[in-house]
Amino acid sequence: MLITSERCYIRLLSNGAPALKAENRRHNIVELLFDAGTVALDDLARQFGVSQMTIHRDLDALEAEGLLRKIRGGATIEASGHFESDFRYRSRMAAEEKRQIARHAAGFIEPGTSVMVDDGSTSQMLLPFLIEKRPLTVITNNLALILGLAGQAGIDLISLGGNYSRKFNGFFGVLTERALEGMRADTVLLSSSAIAGQLAFHQDQEVLGVKRRMIASAAKRYLMVDHQKFGRTALHLLADLTSFDGVVTTDVLSDDKARALQGADIKLHFANGEAA
């Protein structure tokens, strides 16, 4: 028997036992949450052909990892900062706005130069616009960009190794940072998860070292942030916005926030408008 959904394919054995192992079933539960936001325990048990007690154990394990929050009769990803950090979630949020920001930010790159790009979901949107800038040297720890740029004519790709993070779909750690220490790029394009006042923050310490090293290793620095990141804070300070040659966002950003940043001599570039 085959039960299907958009993201799940579960084959049941003839005796009714699920062929999926617990690890795979939990992975698919997470994927369902990415799509739906909230799921019901009864629906999960029926979907995967297992008992409610088995689903309870799955949800307990995933909650212990910080990947969801159990609620009465089910689970949700709402109000989960850990979940918001996962690239699968981030890549679904404000996708069109991020694409506009990426296209505008790519305008700061000149053909024949070098650019560093970080692991962000907005950075992932740069792929077609980087190809348009050929010939170009691209230095990145972003696996989506590495896979997309590998073999492209006119792209000199320098992929930064290190410890692979499934959560961020990129490479981090001592090896990555040491590689960056010996490099110097013309431009860096990177992102951050929160902007409070004129400070950029990030929720996850794991990525900070690489982002800070990229900032230190580039002649020109541009921060890409969609409007939802402003007025928020996160656990770790990344940098003062004055460290960047420009901040790329869209005019969805409220006028009061834009004026406050401009008053602090922060150069704003609006992806669907003119620089201010």
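Which residue in strand 14 does A185 stand opposite? In this predicted model, the residue facing A185 is A218 of strand 14. The two residues belong to a pairing of strand 11 with strand 14 (residues 218–224), which runs in the parallel sense over six bridges. Strand 11 also pairs with strand 6 (residues 114–117), again in the parallel sense, over three bridges. Of the seven residues of strand 11 (residues 185–191), six are buried, so the strand is largely enclosed by the rest of the structure.

Helix 10 (residues 174–181) and helix 11 (residues 205–216) have axes that come within 9 Å and cross at roughly 5°. Angles under 35 degrees count as roughly parallel, and helix 10 is therefore roughly parallel to helix 11. On the side of helix 10, the contact involves T176, E177, L180 and E181; these meet G209, V210, R213 and M214 in helix 11. By residue class, the contact of helix 10 with helix 11 comprises three nonpolar, two polar and three charged residues.

The loop between strand 14 and strand 15 (236–240) contains K229. The relative accessible area of K229 is 16%. Since buried means under 20% relative accessible area, K229 is classed as buried. When neighbours within four places in sequence are left aside, K229 is in contact with S192, S193, A194 and I195.

Terms used
Residues are numbered from 1 along each chain as its sequence is written. This is a predicted model: local features need pLDDT of at least 70, side-chain atom pairs count only at pLDDT 80 or more; totals for chains, interfaces and linings use all residues. Side-chain values use heavy atoms; hydrogens and water are left out. Buried means under 20% relative accessible area, exposed over 50%, partly exposed in between (1.4 Å probe, protein chains only). Helices (H or I, at least four residues) and strands (E, at least two) are DSSP runs, numbered from the N terminus. Two strands pair if DSSP finds at least two bridges between them. Axes are lines fitted to C-alpha atoms, for helices over the stretch in contact, and angles run from 0 to 180 degrees between N-to-C directions. Angles under 35 degrees count as roughly parallel, over 145 as roughly antiparallel, 65 to 115 as roughly perpendicular and the rest as oblique. Contact means heavy atoms within 4.5 Å. Ala, Val, Leu, Ile, Met, Phe, Trp, Tyr, Cys and Pro count as nonpolar, Asp, Glu, Lys and Arg as charged, and the others, Gly among them, as polar.
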